[in-house]
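Biologist: Please take me through this model, starting with overall shape and ending with how the two chains meet.

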Amino acid sequence: MKILVAVKRVIDYNVQVRVKEDGTGVVTDNVKMSTNPPDDNAVEEAVKIKESGKAKEIVAVTVGEEKAQETVRKALAVGADRGIHIKVDGIIEPLAVSKILQKIVEKEKPDLVFMGKQAIDDDCNQTGQMLSALLNWPQATFASKIEVKENKLEIIREVDEGLETIEVNVPAVVTCDLRLNEPRYASLPNIMKAKKKPIEQINASDLGVDTKQRIEQIKVEEPPKRKAGIKVANVAELVQKLKNEAKVI
Amino acid sequence: MSVLLIAEHNNKEIRPFTLNAITAATQIDSDLHVLVAGNSCADVAKTVSEIPSVKKVLHVDAPHYENFLPENFAPLAVKISENYSHIISSANTFGKNLMPRVAALLDTSQVSDIIKVVSPDTFIRPIYAGNAFATVKSSDSKKCVTIRPTSFEPAATSGGSAPVEKTDGAEASNISKFIKREEVKSDRPELGTARIVISGGRGMQSGDNFKLITAIADKLNAAIGASRAAVDAGYITNDHQVGQTGKVVVPDLYIAVGISGAIQHLAGMKESKVIVAINKDGEAPIFSVADYGLEADLFEALPQFLEELNKLNTIQK
């Protein structure tokens, strides 16, 4: 089996994001960037499947500016075999990313495509579902457990009501939840080795995909700030405040 | 043109967030039609027809819609979407799973998780875990929009009498199969719609210790939430998780116990009307959003809290 894993470069999850004063977006200059957290889970799961002998090759792919390559390099350091970087600058919407990934799937012919369930920058939660629609493949979103069976996957999905188990035919697209596994750290020797693994660069414009923005971002602003609260001295005061001041109990 | 809302239900009852999505949908266009597709779901179609703001119900019944597999559901939505300007659903795991599949088939760039309708083509949505609000304008001729349920009031449920039109389905895809759903049954209010939520974090130290929270939840008729750390540690099941990748809640009262307040958790609760934080670390970021902060050991504070509640003559339900 061959697994394609899509990874995205985003502002690190620990960074307190700040809105630009001119309302055009958020500050990204001199801000720490990392792989989108659930994409790390997607890479980890692919590597585990390969280690179990059920997959032969893992290809890591990213869509984005020059530096997005770092996320592919990181995937190579934890076990992906080779990388693909689709170069494109500026805002690129999930629909356009899915169309680009569709081209890569047609070229690479993987059996499975893994990615995180949601990117923590735009919080869209769309790309995996869109890609599977374009390919007419089944989708298994928000996966917290993946079992590889013959020509099928059994997936446990995290849904609002609890857990749902589904079975999808292979080929399939799987979007990964943070609870799917514990992503490993790359060892220094593996980081060195990853530097020698190949990353193919492709310009998005060469794929014949329309990446024009369909959604105009008119402005980005700070959410309303909460008024500073108070500290109470003890539980009795807390209950009294909730009863008589806030009137919520 | 009219707008089409995809109802979420369990073949017997509508799920509550459908009502919030209906309110948002009517702010886009008052000519609102609702698709109720499922298996033997005529009762749901009837319930929806009684919602005053609904103008028409499209009812589709077939065995392959029973479990809402998107591979079956999306082609149906696409087939029905022809005469509509907008396709709408709630941005919970139902809508998140389904809508992008519909949007891609319609070649539409979806607008996810809106918190405000500015005009039929312009919406406000949170990005970066709610640390920024983006105003976005869609240029697609047909728009796919998901609604953050807690940002809109639920629609009234009785007094309407919209016509119910029985419609044919689309073919089954047979590339995916539903096996089972493990629902956690509870007599408590639903987390997403509860008036009071009490949540525990890593500070609870064990699943067993959540009984301290359960006792207070019982007293206040509250739902029980949790931080991702508590769910990851196995203290409580995933359906309780509040945060950027869990549920967003906006109760009248949110009580955070032993939760430090990572950005990702705040994303799911900081719009709550009144926030209480109980944490022994006075520097915990949760205090920056709390109306009432109590710096205390939760293992002492929670029993005292229950005791104080027991002293009250009345408690709002």
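Modeller: The radius of gyration is taken over C-alpha atoms, and the globule rule is 2.2 Å times the number of residues to the power 0.38. The model is predicted: local features need pLDDT of at least 70, side-chain atom pairs count only at pLDDT 80 or more, and totals for chains, interfaces and linings use all residues. Residues are numbered from 1 along each chain as its sequence is written, with chains lettered from A and ligands numbered from 1 in the order in which they are written.

Biologist: What radius of gyration does chain B have, against that of a compact globule?

Modeller: For 317 residues, the rule puts a compact globule near 20 Å. The C-alpha atoms of chain B fill a box of roughly 60 × 40 × 40 Å along the principal axes.

Biologist: What percentage of the residues in chain B are buried?

Modeller: A residue is buried if 20 or more other C-beta atoms, placed from the backbone, lie within 10 Å of its own, exposed if 12 or fewer, and partly exposed in between. Applied to the 317 residues of chain B, this gives a buried share of 58%.

Biologist: How far apart are the centres of domain 1 and domain 2 of chain B?

Modeller: The bounds, from an automatic or database domain assignment, are 2-166 for domain 1 and 196-311 for domain 2 of chain B. Taken over C-alpha atoms, the distance between the two centres is 31 Å.

Biologist: Is β4(A) largely enclosed or left open, and how many of its residues are buried?

Modeller: β4(A) runs parallel to β1(A), with 6 bridges, and A:Leu4 has A:Val59 as its bridge partner. β4(A) is also parallel to β5(A), again through 6 bridges, where A:Thr62 is partnered by A:His85. The strand is largely enclosed by the rest of the structure, because its buried residues number 7 of 8.

Biologist: Which element gives the largest share of the side of chain A that touches chain B?

Modeller: 64 residues of chain A are in contact with 73 of chain B. Elements supplying at least two residues of that side of chain A include α3 (94-108), α4 (127-135) and β7 (139-149). The largest share, 8 residues, belongs to β9(A).

Biologist: Which strand of chain B do 7 bridges join to β9(A)?

Modeller: The two strands run antiparallel. A:Thr165 stands opposite B:Lys180. The partner, residues 176-183 of chain B, is β11(B).

How values were computed: Contact = placed C-beta atoms within 7 Å. Helix = DSSP H or I, 4+ residues; strand = E, 2+ residues; numbered from the N terminus. Pairing = 2+ DSSP bridges.
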